[in-house]
Amino acid sequence: MCIRDRVKIKTYEDGKLVNNFHAGIEYHGQSSKLHPKKSYDFELRDESGNEIKKALFGMQAGDDFVLNSLAYDGSYIRNTLVFECWKKMGHWSPDYRYLNLYIDEEYQGLYLLCEKIKVDEGRVNFEYSDSTQTNFLFKLGRYWYNKKVFWVYQPDDPAYLAGGMACFKSIYPKQKKRNRDKFELLMEHLTTLGYELAQKENQFGPNADLPDGSIELQSFIDYFLISELTKNPDAYLANIYFILQSINSDGKRLLSVGPQWDYDLAFGNTQKQFFNTASGWNYIHQSQTCLLYTSDAADDSLRVDLGGRRIIKK
């Protein structure tokens, strides 16, 4: 059950009141809604209900934020560790602050305040845009219950970008009837890209060149490294953000992966046998249904060279 309500939010620093404003709020997440310690999404608003931007605790001014309850992560650092790693790899990551949350003067515990992943200045920015092109920010997930999603169907072959079928939710633009043509083009683009990748691998082997100017390879390499080092149970399957953006006026587009999100159960923080050990390749374990597949890595069970970055498992 979600709530959608208008509340007043006050922020304090060193015991002094800094902000006092209105906000629209709702529960955040899927499984986290079942936990007694809830996570929340909130939008800052003025007295008339219009969205406004504010700088919270020294972060860049914004209007959408997430209050992560950290309910499943007793260390409180799994998500922020990945945020920092992704940032060090040269990508944008949400800014964050730890804080103590009170609701109606009742202490709720330690929370992680994060910038919400969205298209906005200082968050996800598109390098090139004009009226003839459409850029996308979308997320792979398990959205069987949600009508506001789109599907990409492909043969159940690990050489494809998406094996079997993959379910995506659009963050930008909104998935509305007026954008139906745009999403049909997006699904066609993803299907064609997956087909081209599969054809190249089947014809030339795993070392074949990628389709020219179609994939921002370094982001996929970095995602692979993060997924293997963290052994995130969602890796290659869910909670993966993607950006498809135009790179020039000729209609060429570049697909990249990221930003990173939801690593509460990573680093062995689960009862699932494979994921709570340090051994084994995550992508091999997930490969029958995974989105990303790198068959050349399977040729050597100990090491993989990825764009000059090497990961070794023993």
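**View 1. The largest nonpolar core brings together 30 residues.** Those with the most contacts inside this core are Phe138, Phe168, Leu186, Leu190, Tyr223, Phe242 and Leu255. Here a nonpolar core is a set of buried Ala, Val, Leu, Ile, Met, Phe, Trp, Tyr and Cys residues joined through side-chain atoms within 4.5 Å. Buried stands for under 20% relative accessible area, exposed for over 50%, and partly exposed for what lies in between, using a 1.4 Å probe and protein chains only. At least two residues each come from α1, β7 (136-140), β8 (150-153), β9, α2, α3, β10 and β11, and α2 gives the most, with 5 residues. Helices (H or I, at least four residues) and strands (E, at least two) are DSSP runs, numbered from the N terminus. Apart from this core lies another one of 15 residues, including Ile9, Ala23, Leu44 and Leu113.

A note for all views: this is a predicted model, in which local features need pLDDT of at least 70 and side-chain atom pairs count only at pLDDT 80 or more, while totals for chains, interfaces and linings use all residues. Residues are numbered from 1 along each chain as its sequence is written, and side-chain values use heavy atoms, with hydrogens and water left out.

**View 2. Leu186 and its contacts.** Which residues does Leu186 touch, not counting residues up to four places away in sequence? They are Phe136, Phe138, Phe150 and Leu244; contact means heavy atoms within 4.5 Å. As general background, nonpolar side chains tend to be buried together in soluble globular proteins.

**View 3. Strand β11 beside its partner β10.** Strand β11 (residues 253-257) is largely enclosed by the rest of the structure, because 4 of its 5 residues are buried. Strand β10 (residues 240-246) pairs with β11 in the antiparallel sense over 5 bridges; two strands count as paired if DSSP finds at least two bridges between them. To find your place along the pair, look for Ile243, which stands opposite Ser256 in β11. Ser214, from the loop between α2 and α3, is in contact with Arg253, Leu254 and Leu255, and also with Leu193, leaving aside its neighbours within four places in sequence. With a relative accessible area of 7%, Ser214 is buried.

**View 4. Helix α1 and its cover.** In α1 (residues 78-88), the buried residues are Arg78, Asn79, Thr80, Val82, Phe83 and Trp86. What covers them includes β4 (64-68), β5, β6, α3 (217-230) and β11. Just after the helix, Gly90 takes a positive phi of about 100°.

**View 5. The second largest pocket, with a volume of about 890 Å³.** Of the 26 lining residues, Lys8, Lys10, Leu101, Tyr102 and Ile103 are the closest to the pocket's centre. On a 1 Å grid over the protein atoms alone, a pocket is an open set of points where a 1.4 Å probe fits, with protein on both sides within 12 Å along at least five of seven lines; lining residues have an atom within 4 Å of a point. Grid points are joined across faces, edges and corners, and the volume is the space filled by probe spheres set on the points. Two or more lining residues come from each of β1 (5-13), β2 (16-27), β3 (40-45), β5 (96-103) and β6 (106-115), and β1 gives the most, with 8 residues. By class, the lining has 16 nonpolar, 4 polar and 6 charged residues; Ala, Val, Leu, Ile, Met, Phe, Trp, Tyr, Cys and Pro count as nonpolar, Asp, Glu, Lys and Arg as charged, and the others, Gly among them, as polar.

**View 6. Backbone details at Glu105 and Tyr236.** Glu105 has a positive phi of about 65° although it is not a glycine, and lies in the loop between β5 and β6. Tyr236, also not a glycine, has a positive phi of about 70° and is found in the loop between α3 and β10. Buried or exposed: what is Glu105? Glu105 counts as exposed, at 78% relative accessibility, whereas Tyr236 is buried, with a relative accessible area of 1%.

View 7. The peptide bond from Tyr172 to Pro173 is cis, with omega near -5°. Gln175, found in the loop between β9 and α2, is partly exposed, with a relative accessible area of 24%. Leaving aside neighbours within four places in sequence, Gln175 is in contact with Lys148, Val149, Phe150, Ser170 and Phe183. Gln175 and Phe150 are 25 residues apart in sequence and 8.7 Å apart in space, C-alpha to C-alpha.
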